[in-house]
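This briefing concerns one protein chain. Please view the sequence and the structure together before reading the points that follow.

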Amino acid sequence: MECRHCASPLEKPGDFCLVCRETNTEAIVLEAARDRATITMLADEPDEPTARDAEIDADEQVLGETAITTTPEDGENEPIELRNFAGLIGDEIRRKRPEEVYAGGVRTVIRAVREDIHHPFYRVDDDDPVRAVLERRGNRALDVVETPPAEKISGSHSTLIGGRTGMRAIHTVADHPHVKKVIPGPIDAGGKGSQSGMRAKVTRADDGGNVRMLLRNGSSVQENRVVTTARDREMGERIRDDLNDVLADSEFQ
């Protein structure tokens, strides 16, 4: 494949061009099984797509795919093998320098890859994840917030239930690129006791696309307002799904 900007030859489809220093891959779709991962590279979206050529535009956005395999280990060797597998996947993603990564499949693999790379990361669950991502990107135009997670937390209530664990859950949500602000609320200690430890869940989006994050720890409950870059309920629901997937990957659900 040649660079889409300067026509210089690329070692692999969608690679970042070292000649003109331009990216060729805007997004990556990762389909992760425990023994095999498929990476599909997507180009940027057309500036002004029309209904007539939408299908052609979608096909042209797919630059190619790469497969990475491993032989899963058991016992004490599994963490090392999984980390190496995630590292190989991460290497392929980094050489493309995409703006965002969409991932579906085995959570343990996705969690390991998320820890290895530093790109906006979204979960996608669909029988045809590439097609689902193409449709999703075509309908989504959300601003990305570059502010560090700690600077997104504000409000008059500075106490979080669960101490450091509660703060880690808040930071997990605040780290999402489409979250502008997290505002902790008051703590309600009158709930029903639970032995399940700290749990976090993001609730249904409101008409403006903002959501609520519920922290539960024993009999205490704290409702935290999450301000997003969504402009309506539909976009807010997509962010809610992403946030709940991230919390599940971080074992808060």
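Alanine 174 is part of helix H6 in this predicted model. With a relative accessible area of 0%, alanine 174 falls under the 20% cut-off and is therefore buried.

**Surroundings of alanine 174**
- Leaving aside residues up to four places away in sequence, alanine 174 is in contact with Pro149, Lys152, Val179 and Val182.
- Between alanine 174 and leucine 243 the C-alpha to C-alpha distance is 9.4 Å, while 69 residues separate the two in sequence.

**Packing of H6 and H7**
- Helix H6 spans residues 164–174 and helix H7 spans residues 233–249. Their axes lie 9 Å apart and form an angle of about 140 degrees.
- The crossing of H6 and H7 is right-handed.
- H6 contributes Ala169, Thr172 and Val173 to the contact, and H7 contributes Leu243, Val246 and Leu247.
- Of these residues, 5 are nonpolar and 1 is polar, with no charged residues.

**The protein chain as a whole**
- The chain contains 7 helices and 10 strands.
- Buried residues make up 47% of the 253 residues.
- Among contacts with a separation of 6 or more, 63% join residues 24 or more positions apart.
- The accessible surface is about 13,300 Å², and carbon and sulfur atoms account for 44% of that surface.

Technical notes:
Residues are numbered from 1 along each chain as its sequence is written. This is a predicted model: local features need pLDDT of at least 70, side-chain atom pairs count only at pLDDT 80 or more; totals for chains, interfaces and linings use all residues. Side-chain values use heavy atoms; hydrogens and water are left out. Helices (H or I, at least four residues) and strands (E, at least two) are DSSP runs, numbered from the N terminus. Buried means under 20% relative accessible area, exposed over 50%, partly exposed in between (1.4 Å probe, protein chains only). Contact means heavy atoms within 4.5 Å. Accessible areas come from the Shrake-Rupley method with a 1.4 Å probe; for residues, only the protein chains shown count as cover. Axes are lines fitted to C-alpha atoms, for helices over the stretch in contact, and angles run from 0 to 180 degrees between N-to-C directions. A crossing is left-handed if the near helix is turned anticlockwise from the far one by less than a right angle, and right-handed if clockwise. Ala, Val, Leu, Ile, Met, Phe, Trp, Tyr, Cys and Pro count as nonpolar, Asp, Glu, Lys and Arg as charged, and the others, Gly among them, as polar.
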